[in-house]
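The sequence and the model are shown first, and the description follows.

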Amino acid sequence: MLLFKRKGRLLASACCVILLLLTPTQGDSNSEQSYKIVQPLELTPKLSSQLKLHAFLLWSSVGFLMPIGVLLIRASSSVKSAKSVKLLFYCHVGSQIVAVVLATAGAVLSISNFENAFNNTHQRIGLALYGFIWLQPLIGFLRPDRGVRFRSAWYLTHWLLGIGICVVGVANVYIGLHTYQERTGRSARLWTVLLTVEVAAMAFVYLFQDRWSYVVRQAEAALGDEQSEGSTMYPANDHKELIVVP
C-alpha cells in the first residue's frame with residue numbers, strides 16, 4: 001500500500017514538473033518570437049553528423065522500438081502457449097530497455113552539442129518525453145502480482161503512459177523534421193514520407209490485432225460446429241452386427 005502511494009506521488013510530481021516546463025511564459029513567448037527570426041542554421045560537417053545521429057537515435061527509440069514493444073505485448077494476449085507469452089513479454093521488456101538507452105543517448109547528445117534554451121516546441125516536447133520515458137520503466141518494474149487490488153490501476157497507468165509516449169514521440173519526430181527543414185533550408189520530405197508509411201503500417205497492425213483474434217475465435221467456433229454437425233449426420237458405426245441364425 002505504501003509503495004503504491006509513493007508511486008502515485010512520484011507520478012503526480014513528474015506530471016506537474018513536465019506541465020510547468022511545457023507552459024509558456026511571457027519571457028518564453030518573446031524567446032519564441034526571437035527564435036523564429038534567427039538566421040538559418042549554418043551546417044558544418046560535424047554539426048550535420050550530430051543532427052543526423054540525434055534524429056536516428058530518437059526515431060529508433062520513440063518512433064520504432066517503443067511502438068514495436070506495444071505491438072509485442074499486445075500480441076501476447078492472443079497467444080495460448082505459455083512459452084510464447086513469456087517470449088513476447090521478454091521481447092517487450094528488451095525492446096523498451098534498448099529504447100530508453102537510445103533516447104538517453106539522444107538526450108546526452110542534444111544537451112552536450114546543441115542549443116538548449118528550450119524556447120521552441122520541439123525542445124519542450126522532447127524534454128517532457130525524456131521525463132516520461134525514464135518514468136515508464138520504473139512503473140513497469142513496480143508491476144503488482146495478478147489478483148492484487150491495484151493491478152488494474154497499474155495496468156491502465158502503464159498502458160496509457162506507453163501509448164502517450166509513442167504518439168507524442170512520433171509527433172515530435174515530425175516536428176523535428178520540420179524544424180530541421182526550417183532551420184537548414186534542406187528538404188526533409190523523403191524522411192517525412194518514410195515515417196508516415198511506417199506509422200501507417202504500425203497503426204494498421206495495432207488495429208488489426210484485435211480483429212485477428214476475433215477472426216480466429218470465429219473460425220474455431222465454425223470448425224466446432226462443423227465437427228458437431230458431422231458427428232450428428234454420420235454417427236460412428238460402432239454397433240455390433242447381428243448374426244441371424246437360421
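## The second largest pocket

Helix 6 makes the greatest contribution to the lining of the second largest pocket, supplying nine residues. Helix 3, helix 4 and helix 5, like helix 6, each provide at least two residues of this lining.

The space within the second largest pocket amounts to about 1100 Å³. Its lining consists of 32 residues, and those nearest the centre are Ile73, Phe89, His92, Trp154 and His158. Sorted by class, the lining of the second largest pocket holds 18 nonpolar, eight polar and six charged residues.

## The largest pocket

The largest pocket of the model has a volume of about 1300 Å³. It is lined by 44 residues, among which Leu51, His54, Ala55, His122 and Gly176 are the closest to the centre. Two or more lining residues come from each of helix 3 (45-75), helix 4 (82-113), helix 5 (121-141), helix 6 (151-184) and helix 7 (189-233).

In the lining of the largest pocket, 25 residues are nonpolar, 14 are polar and five are charged.

## Overall architecture

How many helices and strands does the chain contain? There are seven helices and zero strands, so that the order of elements from the N terminus reads α-α-α-α-α-α-α. The chain has 246 residues, and buried residues account for 30% of them.

Gln136 belongs to helix 5. Is this residue buried or exposed? Gln136 counts as buried because its relative accessibility is 11%, which is under the 20% limit for that class. Leaving aside residues up to four places away in sequence, Gln136 touches His158, Leu161, Gly162 and Ile165. One of these, His158, is also among the residues nearest the centre of the second largest pocket.

Ala171 lies in helix 6. Its relative accessibility is 35%, and Ala171 therefore counts as partly exposed, a class that lies between the limits of 20% and 50%. Between Ala171 and Ile125 there are 9.3 Å in space, C-alpha to C-alpha, although the two are 46 residues apart in sequence.

## Confidence in the model

The chain has a mean pLDDT of 77, and 73% of its residues reach 70 or more. Among the elements, helix 4 has the highest mean pLDDT, at 92, whereas helix 2 (residues 26-36) has the lowest, at 43.

Two stretches have a pLDDT below 50: residues 1-7 and residues 233-246. Beyond near neighbours in sequence, residues 1-7 have seven contacts in the model, while residues 233-246 have zero. Where pLDDT is low, the predicted coordinates should not be read in detail.

Conventions:
Residues are numbered from 1 along each chain as its sequence is written. This is a predicted model: local features need pLDDT of at least 70, side-chain atom pairs count only at pLDDT 80 or more; totals for chains, interfaces and linings use all residues. Side-chain values use heavy atoms; hydrogens and water are left out. On a 1 Å grid over the protein atoms alone, a cavity is a set of points where a 1.4 Å probe fits but cannot get out, and a pocket is an open set with protein on both sides within 12 Å along at least five of seven lines; lining residues have an atom within 4 Å of a point. Grid points are joined across faces, edges and corners, and a volume is the space filled by probe spheres set on the points. Helices (H or I, at least four residues) and strands (E, at least two) are DSSP runs, numbered from the N terminus. Ala, Val, Leu, Ile, Met, Phe, Trp, Tyr, Cys and Pro count as nonpolar, Asp, Glu, Lys and Arg as charged, and the others, Gly among them, as polar. pLDDT is the predictor's confidence in each residue, from 0 to 100. Contact means heavy atoms within 4.5 Å. Buried means under 20% relative accessible area, exposed over 50%, partly exposed in between (1.4 Å probe, protein chains only).
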